Amino acid sequence: MTAARTGAIGVIGAGAVGQSVAMLLAAGGWCESVRVVSRTGLSARALVTDLEDMRQVMGSPVRAVHAVNPGQLVSCEAVVVCPRAEFINAYRTNVRMAGLNANAPVIVALARTLAHYQGLVVMVTNPVDVMARLFAEVSGCPRVYGVGSNTDTARYRLTLADVLHVPAEDVEGHVIGEHGDQAVVCASTTRVNGRSVDVPVGWVRRELADRPARINAGLGRTRCGPAGAVIAALRAGLGLEDRVVELSVNHSGRWMGIPLRFTAGTPSVCLPRLDAAEARQLVAVDVKLRDAYEPLARLHVPVRPSWEEKPAVTRTATCITTAAQAVTVTSNTPVVTDWALRYFGPWWNATSTAAADGPQVIADVNSDRVTEITQRVADHAHEKTVYANASMLFDRDDDTVLASQPDDKLAYRAEPGGPLHIYGCEDVPVALAAARLAREAVRGQLMADGWSILHASAVVRDRQTVLTLGDKGAGKTTTALLLARAGWQLLANDRVFIRREDNRLRVLPWPSAAAIGLGLLEALDWYDQVRDRVQRGEQLHPTQHQKVTDALHSGSRTPLWKESGKELKPQFFPDQLAVWLGLTLATEGHAAHLLFPRIAPGAEPALLDEDRSVEAGDFFTAGTEDRYPDVFGLLPAALPSTGPLLDLLGELPRHTLRFGHGVKANIGLLKQITELAS
């Protein structure tokens, strides 16, 4: 723990938590000094004297310094804020909210003293979620985090471990939202040894309330647990340790406790998926914290755009085009339109634009619209489906479709002939939804123009396309990547658009994240370079399961599986296939050769004497679409006939083959087959 070191760290407040934090810092040996400030100076001087004694006994290199006022902490790498105003807490519930009005002036005064401080600020004073926001908005400091949810998460894991009689380190689960009575227990994603469990949520909630009460009854104040959470936040935020810490932070305008993955001091949000009940609880937390904060802000924050005339929002737009069909994505945040550029650019034509003519997907971050539409759908008779692996509720009224995905905090509105509106509370989920629906809008136009969707991977060389077909697990992606390693251009790894033009079959890509298993990455010698990028803080596609990210960080190459039997795989943005893996991507081609592989571990690669051909079941139809049902009526009522396509596909050279696990031998077989066909 002492290998990486940093400079001075300030501690404001020498009460129970301040004393414990200062002691852990002095004993830890990883900071240059601890500077302590207190309201009267008396307790700070006493604590520094005590720390000096400890330093001498332990031989610690960390100096303890009494700072006369908070202004002397501006040169510190980080500041821990943990003063407590004098007040009597008579609350029996919401006990942490009792200090709201008493502590607020103290925090405001400190925030003004440390205005625009550029170091790390860790807020401890309760109610911590509100105080962290108040300090941040008064001070203008860019890196303010509140502890609380980290302590709650630790208590949750300890409690569940005790109930289930397992070690606490075997429990994976989070408590998020408020550090208080309405904390959200993420039971639906809790795992013990990687398996889901039945969480006694009511009993857990009682224990989360009783545990600090028992500590207070015996010691007067909780101290060690919160102090440990502060140390975890400091080490992560200062880049001394890469880890996940649950902290209160501004995330898309909402201040609440969420898990943050810190890599070299840079945080990225790693919220667990919530079921519908947990999502509603998180919305309720947001309302509660906002209601508690706004009266304080009116008193202490001099300029607040939400109460002044709001500045005009600069909208951005990205136009996506392929085969003369187009849709424009517009948004009130450039994250969404930049995402569309990145997602569609490598395979389709995507460009920034000022105009928004023709079909549009309007995708905005707007939590009020999410709440409004979600409530309307819930209050009316509605249907249910699964869209992009998430539950969707939708209601049709006079051809207007309202839909919500509570787990992702997304809402939708579609009217005949008008744009498709997407609303969300956070920019990345909105960007993901906008990309999916923009692709569906283009898909509808292409299908109306005679294109069909074939379940196949594809590679191109000299515009000649090799299509690989088969059931799930047959080796479509493996074949495409092997050929791409051998010099072909990758067109698609799972689906392609296909249409007859004269006597040829034109093929277009289906833009999507590419899923490549850990074992296949290792076999193709890509694992180490992917892991190196991930460890440096670069991000794969956010639909990737956290277990996959953890495996890449730890260096595990063992394939991961869901309980359903589906493999969990790294998910690559289209541009990462080129930048990370060195592949060349194609934008279209003409079908020239069909392959039907199967994988037989331990077997030698070989051509098989079997005559498999393309069948009607190899095409996606409204009845077979399992990921993107046509909730919003984007597809034509009558789909193109696949008969003419089947006739032409039946005339192409085709081979059935068997792969083993030897990459060189498999590539050798593929080269032999494709050279014969050409």
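## Contacts of A515

Contact here means that heavy atoms lie within 4.5 Å. The structure described in this report is a predicted model. Leaving out residues up to four places away in sequence, A515 touches T477, N493, K569, P570 and Q571. A515 itself belongs to strand β30, which covers residues 514-515.

A distance can also be given between A515 and V144, which lie 371 residues apart along the chain. The C-alpha atoms of A515 and V144 are separated by 36 Å.

## Packing of α1 with α7

Two packed helices are described by the angle between their axes and the distance between the axes. For helix α1 (residues 16-28) and helix α7 (residues 224-237), the angle is about 50 degrees and the axes are 8 Å apart. The helices α1 and α7 are therefore oblique to each other. The crossing in which α1 passes α7 is right-handed.

On the α1 side, the contact is formed by V17, S20, V21, L24 and L25. These residues meet C224, P226, A227, G228, V230, I231 and L234 of α7. By class, the contact of α1 with α7 comprises 10 nonpolar residues, two polar residues and no charged residues.

## Packing of α9 with α11

The crossing of α9 past α11 is right-handed.

From α9, the residues V335, V336, W339, Y343 and F344 take part in the contact. Their partners in α11 are D427, V428, V430, A431, L432, A434, A435, A438 and R439. The residues of this contact between α9 and α11 divide into 12 nonpolar, no polar and two charged.

H174 is located in the loop between β7 (171-172) and β8 (175-176). Is this residue buried or exposed? With a relative accessible area of 16%, H174 is buried, because a residue counts as buried under 20%.

Apart from its neighbours within four places in sequence, H174 is in contact with T153, Y156, R157, V184, V185, C186, V244, E246, P259 and P272. With one of these residues, E246, the side chain of H174 also makes a polar contact of 2.7 Å.

The peptide bond from N126 to P127 is cis, and its omega is near -5 degrees. P127 lies in a loop that runs between strand β5 (120-123) and helix α4 (128-139).

Which value does phi take at N389? Phi of N389 is near 70 degrees, a positive value in a residue other than glycine. N389 is placed in the loop between β19 (383-387) and β20 (390-397). The relative accessible area of N389 is 60%, and the residue is exposed.

K409 is not a glycine either, and its phi is positive at about 55 degrees. The loop that holds K409 lies between β21 (400-405) and β22 (410-414). In contrast to the exposed N389, K409 is buried, with a relative accessible area of 11%.

Technical notes: Residues numbered from 1 in each chain as written. Predicted model: local features only at pLDDT ≥ 70, side-chain atom pairs only at ≥ 80, totals over all residues. Heavy atoms only, no water. Left-handed = near helix turned anticlockwise from the far one by under 90°. Helix = DSSP H or I, 4+ residues; strand = E, 2+ residues; numbered from the N terminus. Nonpolar A, V, L, I, M, F, W, Y, C, P; charged D, E, K, R; others polar. Buried < 20%, exposed > 50% of the residue type's maximum accessible area, 1.4 Å probe, protein only. Polar contact = N/O pair within 3.5 Å; in protein donor to acceptor, adjacent residues only side chain to side chain. Axes fitted to C-alpha atoms, helices over the stretch in contact; angles between N-to-C directions. Parallel < 35°, antiparallel > 145°, perpendicular 65-115°, else oblique.
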